[in-house]
Amino acid sequence: MKKIVSMLLMTCILLLIVPVSSAFAASPILLTSGMFGTLSYDLGQDYKIDSNTSDGDDTTYLTMSPDGQSKEVFVYRQPALLNITGYRIKADAGNFDLIFYDSNYNIIKRLQPPVVTGIQQNFTQINNIYQINLFHRGTTSPKVFEVEFFGEVQTPPSPKLSGSINNNVITLNWTPGMPSNKLKYTIYRNSEPIATISGNLYDTHSYIDSNITEGITYTYYVTATETITSSKTSLPSNIITFSPTIQRPINPSDLVAIGGESKVDLSWSPINNASSYNIKRATTPSGPYTTIATSVTQTTYKDTTVTNGITYYYVATAVNAAGESGNSNETSATPMGSKRTILTITMTNGIQQEFNLSKSEFDSYVSWFDTKSNGTGSTKYTFDNQSKKGLFSTRKNSVVFDKIMKYDYDEYVVDGTQATIDSTPEITSGVNLTLTLVDGSQEEFVLSNDEYNAFTSWYDAKSNGTGLARYTFENPHEKAPFLNRSNVVIFDKITNIDTDTFGN
């Protein structure tokens, strides 16, 4: 079986630029292992690297194949073209060929045989060398001690750049002047480097730039740098320019509406190039819609301009400098007065009145109480009687302001799903507050120090004529099935305040 032994330069070499007239005065650039060496192989076997022929040591060597078998030594192959003015080969006598190729593997120069005595040989400069081969044919097994060359590494040729833009994502493609895994490519955008990638042995390279802003013009070019020997950098490639246009946003999606107590909460998925959103509403499916909010910068919106029991239909649009998108999917919700309050009013004669109120009804009562406390409004407040009306079209109950001793209220949800099942946490340090009211009854509260300080601040302020006429305590008893339980005392119904501190 015919054996072939080949030497390949796996990386770049630095070659000294030496004019022909001064070639004998120049010193060769000695290349290290992996830059300039022998790549030898037998048929059916893996390649192996041998650098004995490029280590600058004339005593180390590579032995050629024995009788009648060929051996080929690749002494240089890429990553950049060479300009050669001379060589030095030290080897045993043998039948050698030294051949210089261009990048299309055409023979530029052939020496048969070359001088192998170890003395530097010079010739008229030959340019654009891509590969150098040293062959041996014959029946002997000569030793090759050293192979050196003189000249320079050319600057890598400029890449040829092209590109495209799609959905404001820019893709750059370039073809290297010479494929090589010993080159690196630097991508420039608006004259600033934005990325560096390694070259490969293939014809095309690419880079995707998605970090762009609409309305800005971008120019790109690429350079190639030879990384192993001279680190020479090519001239810039051709320049290409893109101007991403501002596009109208796409329609929002996944619009969701959830009805609550006198409100509807809206949410939707964000749109990448939207600067704001508009919210539109109708009381019939598919509109017509009325815009109820503009310049919404979040992806949520709370509509509080609704009436419980009415179904509302919503769409959202996305907006940027290019315009407004189409409508999102339509969604609907019906706000419901699901939260209610049991109001218990204790009169000065000890009689208690209990009312089961909606949130708006309870808020109306509190508003009347505070207004009357300030000296305006009706002296009485009227509730709809919730008992069976029988033959009556309406039944009502009224309470008189100055006959109210105190009142309590407990909030709950109709379906009970939000009911609190935990009791109020135990207070380990604070004040036992006992209030005596004008009818002789007492109200007792276990307060933290902060809660007690809040009460005294209210009482002192009201004593000086400012603030509300009522003060609300959280009820310390078990809350279940209520959301909140509260007790309200009235300033001018308090006759005595007793305190007992406990804990630290």
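The legends below describe close-up views of a predicted model.

Local features are taken from residues with pLDDT of at least 70, side-chain atom pairs count only at pLDDT 80 or more, and totals for chains, interfaces and linings use all residues. Residues are numbered from 1 along each chain as its sequence is written, and side-chain values use heavy atoms, with hydrogens and water left out.

**Figure 1. Overview of the chain.** The secondary structure comes to two helices and 33 strands; helices (H or I, at least four residues) and strands (E, at least two) are DSSP runs, numbered from the N terminus. Of the 504 residues in the chain, 43% are buried. Buried means under 20% relative accessible area, exposed over 50%, and partly exposed in between (1.4 Å probe, protein chains only). The chain exposes about 25,500 Å², and carbon and sulfur atoms supply 48% of this area; accessible areas come from the Shrake-Rupley method with a 1.4 Å probe, and for residues only the protein chains shown count as cover. Among contacts (heavy atoms within 4.5 Å) between residues at least 6 apart in sequence, 66% join residues at least 24 apart.

**Figure 2. The largest nonpolar core.** A nonpolar core is a set of buried Ala, Val, Leu, Ile, Met, Phe, Trp, Tyr and Cys residues joined through side-chain atoms within 4.5 Å. The largest has 20 residues, and I84, I89, L98, F100 and F149 have the most contacts inside it. At least two residues of this core come from each of β4 (71–91), β5, β7 (121–136) and β8 (143–153). Another core, of 19 residues, lies apart from it and includes M347, F369, Y381 and I490.

**Figure 3. Salt bridge between D97 and R110.** The structure holds 15 salt bridges, each a side-chain nitrogen of Lys or Arg within 4 Å of a carboxyl oxygen of Asp or Glu. In this view the side chains of D97 and R110 meet at 2.7 Å, N to O. D97 belongs to strand β5 (residues 96–101) and R110 to strand β6 (residues 107–111), 13 residues apart. D97 has a relative accessible area of 1% and is therefore buried, whereas R110, at 42%, is partly exposed.

**Figure 4. Salt bridge between E324 and K280.** The closest N and O atoms of this pair are 3.4 Å apart. E324 counts as partly exposed because its relative accessibility is 30%; K280, with a relative accessible area of 16%, is buried.

Figure 5. The closest N and O atoms of R485 and D410 are 3.1 Å apart. The pair links strand β32 (residues 484–490), which holds R485, with strand β28 (residues 404–413), which holds D410; the two residues are 75 residues apart. D410 is buried because its relative accessibility is 11%.

**Figure 6. Surroundings of V306.** V306 sits in the loop between β20 (300–303) and β21 (312–320). The residue counts as buried because its relative accessibility is 11%. Not counting residues up to four places away in sequence, V306 touches S262, K263, V264, R281, Y312, Y314 and P335. The C-alpha atoms of V306 and M336 are separated by 9.9 Å, with the two residues 30 residues apart along the chain.
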